[in-house]
Amino acid sequence: MSWIPPLLVAIPLLAAAATAGLDHLTPEPVQDVLVVAASATTTALSFVLLWHAESREVVHWFGGWQPHHGIALGIDFAVGPLAAGMCAVIGIVVTLALLYSLTFLREAARLFDALMLVALGAMCGFAMSGDLFNLFVWLELMGVAAYALTGFQVERLGPVQGAINFAITNSLGGYLFAVGIALLYARTGALNLAQIGASLSHGTTGGLVIVAMTLLLCGFLVKGAIVPFHLWAADAYAVAPAPVCAVLGGVMTDIGLIGVARLYWTVFALPFGRDVGDVLLWLGLVTAVLAGTMAFLQRHLKRMLAYSVVCHIGIMLAGIGLLDSVGLAGAELMFLAHALLTAGLFFVAGIVHSDHGLIDELHLRGRGRGCWMPAFAWFAGSIGLIGTPYVGIYLGHGLIDEGATELGRPWVLALLWLGSALTGAALLRAGARIFLGWGDAEDSLLGKAVEEDPLERDVRRPLLVGTALVAVVLGIAISVVPGLGQRAQYAAERFRDTSGYAAQVLHGRAMPPPSSLPVSILHTSLESVLYATAASILAVALALVGLYRSRMPRVVSTAAERTLAPPVRLLHSLHSGVVGDYVTWVAVGTAVTGAAWALLLR
Amino acid sequence: MSYLPYAVAAWICLVGIAGVATSKNLIHLAVCLTVTQSSSYVLLLSVGYVMHGVAPIFLGTKLGTPAVDPVVQALALTDIVVSVAVIGLILALALDAHRLSGTVDPDSLADISG
């Protein structure tokens, strides 16, 4: 039995308790060292765990309650290479965010650090858990920490409203999840994922299990900000402090998707088979295109980044929805690159905000001239998020393409790359306007101006710029790390092996060790290279149109404005900022998703 | 076992969601959220209840005596603890919203949108 999995949760939670409890007793530098050390240790242990999990699933039964004759008695952590890799990335992003907030959020200090560590522990626990009810507890724990972090600056109305919308929508998702757990427990009498899967595989499905699956998966999709459950995301990310946004957008939103994948492949794969995936694929496609469009229509930098996060999560969900190893491996690699790049871009947004006290793209026009390092980080991050061949998210996106083509759905590629291009166009446009001073000073399609509230900060700028650069450079490099693609595919195959997972967890039977994997850069299909190049060109073109719309011939620009203005207004008004609307969308989304599954799986 | 408890749980859940969706007051909204949450308690209780079952304390009972499921009470308890933390936080944020804007109506609070 390995002791590393519980340590990944225990270290950050104990350090959080120590930080909060010893608040006034220890000097500040000691606290800072403690916090960063706890987070860095967790990250290092995740890498050790990843190394252990390469050959076999690492299982830890709490209190030594091992299963008897294939019946799970206790509660377990079951960690494969995918979950361990997840923990490692979560650790890296949280550590960078903590370093960033060392000077960025001095007024917040202690409790802020404690909440970040709680979120870290909860996310690691979520990624490793092999028990359905524990998934719910970790989900709520990271939720509570995240709501408090979002509303940290309670002296202003924006953060309070964002946190309220975030908390209410996500707790409703959590409660749907709890009802789903009760239904599944009623049917199977088990809470261990492998055990539930084993008992459902005997063909005792039906309406009840479909309802349970809808509630459980929709609970995760609320956390994962998938359209139409995504409305809270932009409100929360717009107002949270930059390092919090980096953690929320970089890793915490994506973790909902891990939950979807984990539940599908441990529990619902055997009784329901492939039809579950088509609904997920469509949700992903709609999310990618809609959120890409919304990103392009933003002038608030952090809202723009929020929609960029939602767009890429849609692409990842589409990868998972393909239900094959290549698609899942693609989602995994995209998660790695996306987490780091998004964190880096939020860091740059935070630097710009603290330099000028402004966050509106149009207000900031030309203010960033001469800030070469932040400008470099912003543009590099934007290009990485488009997925220009062999940069940033490209490799993951390419694998998702490959999966879609193999399954005879080549039209998926066009929609996914369109989402990427729209998001990239928004980011490039903002970068060019802020750091190069290009473009018009007004744009009527971008909605109303942001009410700025200047924050005077005494920050150690090199530290902020340094963390941003580290995050972006790591994220850019993900596509060209030799051997990573092959290992991601192997991890995905392990993750998808329902019976292998059950045999390992319930009977302690180890899986066959992997044959040695090659250490070379994974090559993608020519189709992906072409699509990625086209998406990059489209992104640059759209960015230029966004910047210089007024210089187009008058006939074109007025015609375009006349046709575009009504749908744009509709999109803006759908994202109303009123929590009642968001809850209605959650209810409608759950009902529609459930109806689709009921029709497909009957 | 009758279907009534399950119907009651579904009703409570839906009424709670309707309340949250139409609420004009954040405190009222938090209460509606608790109502939604309590549907899962009712559901868990009806799942675990055994007709004519005894409490699951096995000291001194004959082997084979029917007993109610002890797991669901642990789940319901954890559920309650989790939701208390969330509701507490939402109420605290509602207080802050009132302090800053003088209202607890989520519609007039909509400061950020689009």
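Two strands pair if DSSP finds at least two bridges between them. I started with that rule, then took helices (H or I, at least four residues) and strands (E, at least two) as DSSP runs numbered from the N terminus.

I note that this is a predicted model, in which local features need pLDDT of at least 70, side-chain atom pairs count only at pLDDT 80 or more, and totals for chains, interfaces and linings use all residues. Residues are numbered from 1 along each chain as its sequence is written, and chains are lettered from A and ligands numbered from 1 in the order in which they are written.

**Entry 1: strands of chain A**

I looked up strand 1 (residues 58–61) and strand 2 of chain A and found them antiparallel, joined by four bridges. His60(A) has Phe77(A) in strand 2 as its bridge partner. I then checked burial (buried: 20 or more other C-beta atoms within 10 Å of a residue's own; exposed: 12 or fewer; partly exposed: in between; C-beta atoms placed from the backbone). Strand 2 (residues 76–79) of chain A is covered on both faces, with Asp76(A) and Ala78(A) buried on one side and Phe77(A) and Val79(A) buried on the other.

**Entry 2**

Trp232(A), Asp235(A) and Tyr237(A) are among them. For contacts I used C-beta atoms, placed from the backbone, that lie within 7 Å. The buried residues of helix 9 pack against helix 5, helix 6, helix 10 (242–252), helix 13 (301–321) and helix 23 of chain A.

In the loop between helix 8 (207–223) and helix 9 of chain A I found Pro228(A). The peptide bond from Val227(A) to Pro228(A) is cis, with omega near 5°. Ala225(A) is in the loop between helix 8 and helix 9 as well. Ala225(A) has a positive phi of about 55°, although it is not a glycine. Ala225(A) counts as buried because it has 31 C-beta neighbours inside 10 Å.

**Entry 2: a loop in chain B**

His52(B) is not a glycine either, yet has a positive phi of about 60°. I placed His52(B) in the loop between helix 2 (26–48) and helix 3 (70–101) of chain B. His52(B) counts as exposed because it has 7 C-beta neighbours inside 10 Å.

I took axes as lines fitted to C-alpha atoms, for helices over the stretch in contact, with angles from 0 to 180 degrees between N-to-C directions. Helix 16 (residues 394–406) and helix 17 (residues 411–436) of chain A pack at about 160°, their axes 9 Å apart. Helix 15 (residues 372–386) and helix 17 of chain A pack at about 170°, their axes 8 Å apart. In the helix 16 contact, His397(A) and Asp401(A) are among the residues that meet helix 17, where Leu416(A) and Ser420(A) are among the partners.

**Entry 3: contact between the chains**

The contact takes 39 residues from chain A and 37 residues from chain B. On chain A, helix 5 (132–150), helix 6 (157–188), helix 9 (231–239) and helix 23 (579–601) each supply at least two residues of the side that touches chain B. Helix 6 of chain A gives the most to that side, with 17 residues.
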